[in-house]
Amino acid sequence: MRKTYDLILRGGHLTDPANGRDGLFDIAVAHGKIAAVAPEIPGARALEVIDVRGKRILPGLIDTHVHVSPWIGGGCGHKMLALAGVTTALDMAGPVTGVIDIAAAHGVGLNIACINYVRPKDTVSGEDPDTAELAAYLDKSLKDGAIGLKILGGHYPLTPEASARTIAAANARGAYVAFHAGSLATGSNLEGVREAFQLIGGGACHLAHVASYCRGQVLDAPAEGEEALALLQAHPNVYSESYLATINGTSGEIANGVPGSRMTRKCLEIGGFSPDEAGLEAAILAGWCQVNAEDGGLIGLSAGPDAVAYWRNRKTDVTVSFRVNPPEPRLRIATAKRPDGSFAVDSISTDGGGIPRNVILEFGLALVKLETLTMREFAVKTSLNPAKALGLKNKGHLSEGADADITVVDAAAMKAAMTIVGGQMVMFNGLVLGRGSTIITTPEGAAAVRGKGLAALVVDPAATPFLRMRP
Ligand SMILES: [Zn+2]
């Protein structure tokens with residue numbers, strides 16, 4: 001008998017908000033696509049049947065803020081994302097050429113998009129690049145395979161004017177653009193958020209990791225969260241995500257005796273350490289700063305003398321984390337809604353990848369357990385909304401004909417049991433099996449991606465509905 005399906009997932013509890021499905025279903029996959037969803041699909045018609053009774057089935061998790069670049073995150077991030085149940089991710093910094101090289105060398109079967117950073121004296125000439133320079137850099141970024149640009153604000157600020165010009169240049173091309181709030185005039189805090197909304201104006205922009213600006217530097221942290229939410233509610237043109245982790249991730253790199261990243265200097269001050277090289281070393285010894293250290297193909301958190309040695313051995317060019325995210329705004333920002341019932345912050349992200357905090361399931365399902373989010377709402381925030389933002393029409397839902405990107409969840413353990421991408425088993429019970437990567441790119445970047453031997457998933461920037469994802 002000829003087999004109709006490559007795979008059937010049998011008897012799991014499917015939650016698929018786009019199709020209004022929330023119950024026990026069999027899901028059949030053929031040629032990388034969802035072929036059928038029904039209460040019962042005969043197993044004789046499939047090459048393989050996997051019993052997933054007792055498991056939750058979700059449209060594949062999409063994390064719109066990760067790092068898998070040579071600059072931050074690195075190759076381990078692919079494996080870490082697959083283990084966390086993530087099927088598609090947006091690298092929020094680049095450089096895109098490095099992200100693609102890493103995806104080719106370390107890919108485990110995930111879909112990866114990238115936006116390229118606008119960094120003074122690195123990718124642009126200085127802190128105040130003009131429109132022509134920004135447009136040329138955007139052109140090059142798109143040709144190299146990126147879907148747009150990232151303003152590094154709080155880490156490596158531009159002038160307010162150049163930040164606004166970056167957003168305008170991306171909007172003019174229909175390219176993606178994301179903003180880590182902050183400029184030469186403000187910081188990575190509520191003042192930076194207030195300024196960001198002024199600079200964005202009526203344009204389209206992705207405001208990165210909202211909770212990270214609400215650490216009590218300007219008002220008390222919960223009040224900062226409320227103000228950020230009010231600004232987002234007043235600006236439906238802004239797509240936003242926020243993470244749930246306690247720790248942040250920033251650069252440990254020292255330049256001229258001080259951390260190059262403003263954010264790192266700020267974190268040292270918050271912990272009562274001097275914002276210089278000696279202060280960073282003392283903070284690592286004391287455990288306030290945790291070095292992101294590789295061990296066995298994964299990256300974990302490390303402090304103490306061994307961590308100092310790891311940081312020194314790599315000439316300080318490592319990512320570090322501080323426990324700087326207070327709980328109240330994190331939780332409130334994850335669940336707050338607009339009066340129309342949509343979420344004020346569109347997505348739950350992680351700022352993870354190679355930074356060890358891929359906790360969408362681990363912490364997000366805690367919100368479901370607390371009944372502050374329903375499982376349906378969790379799926380909206382972790383798959384449906386992020387897919388819309390990236391312009392991925394065939395992802396974020398498990399309609400017949402959609403990409404067979406599926407996360408199978410052990411809800412009791414609050415972790416992923418299987419990660420399935422395009423019908424392929426990428427991760428099964430903690431074993432990462434996938435190979436290669438698919439790069440989400442624009443028509444201009446497809447040749448560069450294919451030239452590196454990777455599959456290209458081409459999105460049309462002009463139709464990318466992150467600009468207009470709300471009705
Ligand atoms: Zn980030």
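This is a guided tour of a predicted model, stop by stop, for a reader with a viewer open.

Before selecting anything, note that residues are numbered from 1 along each chain as its sequence is written, and that side-chain values use heavy atoms, with hydrogens and water left out. As the model is predicted, local features need pLDDT of at least 70 and side-chain atom pairs count only at pLDDT 80 or more, whereas totals for chains, interfaces and linings use all residues.

**The zinc ion**

Select the zinc ion and then His 65, His 67 and Asp 351, which are its protein donors through NE2, NE2 and OD, lying 2.1 to 2.2 Å from the ion. Donors here are N, O and S atoms within 2.8 Å of the metal (3.2 Å for Na, K and Ca), and sites may look incomplete, as water is not among the atoms. Along the sequence the spacing of these donor residues is H-x1-H-x283-D. Both histidines, His 65 and His 67, are buried, where buried means under 20% relative accessible area, exposed over 50% and partly exposed in between, with a 1.4 Å probe and protein chains only.

Stay on Asp 351, which counts as buried at 5% relative accessibility and is placed in the loop between β19 (347–349) and β20 (352–353). Helices (H or I, at least four residues) and strands (E, at least two) are DSSP runs numbered from the N terminus. Asp 351 also has a positive phi of about 55 degrees, although it is not a glycine.

**The ring cluster**

Next, show Trp 71, Tyr 117 and Tyr 156, which ring pairs link into a cluster. Rings of Phe, Tyr and Trp (its six-membered ring) pair if their centres lie within 6.5 Å, with planes under 30 degrees apart counted as stacked, over 60 as edge-to-face and the rest as tilted. By this rule the count comes to 3 aromatic pairs. One of them joins Trp 71 and Tyr 117 edge-to-face, at 4.9 Å centre to centre and with 85 degrees between the planes. That pair links distant parts of the chain, 46 residues apart, with Trp 71 in the loop between β6 (61–67) and α1 (76–83) and Tyr 117 in strand β8 (residues 108–118). Trp 71 is partly exposed at 22% relative accessibility, whereas Tyr 117 is buried, with a relative accessible area of 6%.

**Thr 15 and its partners**

Which side chains form polar contacts with Thr 15? Select Thr 15 in strand β1 (residues 7–16), then Asp 22, whose side chain is joined to that of Thr 15 by a polar contact of 3.0 Å, and Arg 56, joined side chain to side chain with Thr 15 at 3.1 Å. A polar contact is a pair of N or O atoms within 3.5 Å; within protein, one must be able to donate a hydrogen and the other to accept it, and residues adjacent in sequence count only if both atoms are side-chain atoms. Thr 15 is buried, with a relative accessible area of 1%.

**The nonpolar cores**

Now colour Leu 90, Ile 147, Tyr 176, Phe 179 and Leu 207, the residues with the most contacts inside the largest nonpolar core, which has 57 residues. Such a core is a set of buried Ala, Val, Leu, Ile, Met, Phe, Trp, Tyr and Cys residues joined through side-chain atoms within 4.5 Å. Helix α5 (residues 190–200) gives the largest share of this core, 6 residues. Apart from it lies another core, of 44 residues, among them Val 66, Val 99, Met 375 and Leu 384.

**Backbone details and an exposed loop**

Most residues other than glycine have a negative phi, and most peptide bonds are trans. Go to Gly 94 and Pro 95, which are joined by a cis peptide bond with omega of about 5 degrees; Pro 95 is in the loop between β7 (86–91) and α2 (96–106). His 31 has a positive phi of about 50 degrees although it is not a glycine, and His 31 is exposed, with a relative accessible area of 72%.

Finish at Lys 393, in the loop between α12 (375–390) and β21 (406–410), which is exposed, with a relative accessible area of 67%.
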